[in-house]
Amino acid sequence: MTAVTLNGEAHELPDDATVETAVRALGAPDDGVAVAVDGEVVPRGEWARTDVREGQQVEVLRAVQGGA
Amino acid sequence: MLEIAGRRFGSRLILGTGGFRSLEVMAEAARESGAELATVAMRRVDPNARGSIVEVLQDAGLDILPNTAGCFTARDAVTTARLAREALGTDWVKLEVIGDDRTLLPDPAELLEATETLLADGFTVLPYTSDDPVLARRLEDAGCAAVMPLGSPIGSGMGINNPYNLRLIVEAARVPVVLDAGIGTASDAVLAMELGCDGILLASAISRAADPPAMARAMRKAVEAGVEARRAGRIPRRHYARASSPEEGLAELERSEQEAHVPDTPLAAARRSR
């Protein structure tokens, strides 16, 4: 298992986990979301071939209400 | 008509979407405001969240302008802008880099740094800035598509605290000036446009009003009124009155003092001594 921090919470992902796996684990939709791993943006087209390693921080964001 | 970086908007009002109690109220207010552009923030995915703000705004005919609200460093703001570009497919960003969590005032040094990084990365940058004319010029010189000075702190509703500075920014700017933050009610929006701003961005004044759609309508009218008044050219301020009716042909309606048997009054005495 790969222990990662997913949107601020500890998660156990399978050994061969990718960014795609992480997004699925959160139950996030495909559209309108973006991912950063350790502060670096991973483009949608690279989710499936970008491994998530032990201890990494994965942030999955989407648009919400906001603005002055 | 507001034109930013070659894109034309029929409305000079940009709607911030923070603070609405529901997406339904937000959509109704958006329609009433006439806005064609609305800001959104980027936050962690909540699988239990109901509805998509992007769909609701697009259904109401608005384009999306992501912001970097909540970022305190250039690095965080740059990453957030890149995430927004990835999630929303736009390279426009309303850049906010906050320097103080009580006033939410911008951090000028971090703001300039983030601006330069994002411009080099191909973004169209609309920076939320203080009302400092020199900082506004630095942002414009860096290549920002507009400058967005505050009227007063975000959500404060204090209106325009320093109209003089705002006027200086407007006079010098060669890019659109969009007043961002501080508007409390319609008269503040009128003043912004009278001072020569090209547009305003507001959220709380509408979203936290008792009746958001009604306030949105008031703001739309206020922006139109302010623009018209500025074009029409206001009269100069004077210290004393200037009669608007002609003095020529004024009737003499009192008899001269010798003949008058009416008691003297202070007003009559004052008129005699003039």
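How many of the eight residues of strand E4 of chain B are buried? In this strand, E4(B), six of the eight are buried, a residue being buried if 20 or more other C-beta atoms, placed from the backbone, lie within 10 Å of its own. The model is predicted, and local features need pLDDT of at least 70, side-chain atom pairs count only at pLDDT 80 or more, and totals for chains, interfaces and linings use all residues. Residues are numbered from 1 along each chain as its sequence is written, while chains are lettered from A and ligands numbered from 1 in the order in which they are written.

Strands (E, at least two residues) and helices (H or I, at least four) are DSSP runs numbered from the N terminus. Within chain B, E4(B) pairs in the parallel sense with strand E3 (residues 13-16) over two bridges; two strands pair if DSSP finds at least two bridges between them. B:Gly16 has B:Thr39 as its bridge partner in E4(B). E5(B) also runs parallel to E4(B), joined by four bridges, and B:Ala38 is partnered there by B:Ile64.

Between the chains, 32 residues of chain B are in contact with 22 residues of chain A, contact meaning C-beta atoms, placed from the backbone, within 7 Å.

In chain A, helix H1 (residues 19-26) has A:Val19, A:Ala22 and A:Val23 buried. These residues lie on the same side of H1(A), because they cover an arc of only 100° around the axis, taken from the directions from the helix axis to the C-beta atoms.

How values were computed: Contact = placed C-beta atoms within 7 Å. Buried ≥ 20, exposed ≤ 12 C-beta atoms within 10 Å, placed from the backbone.
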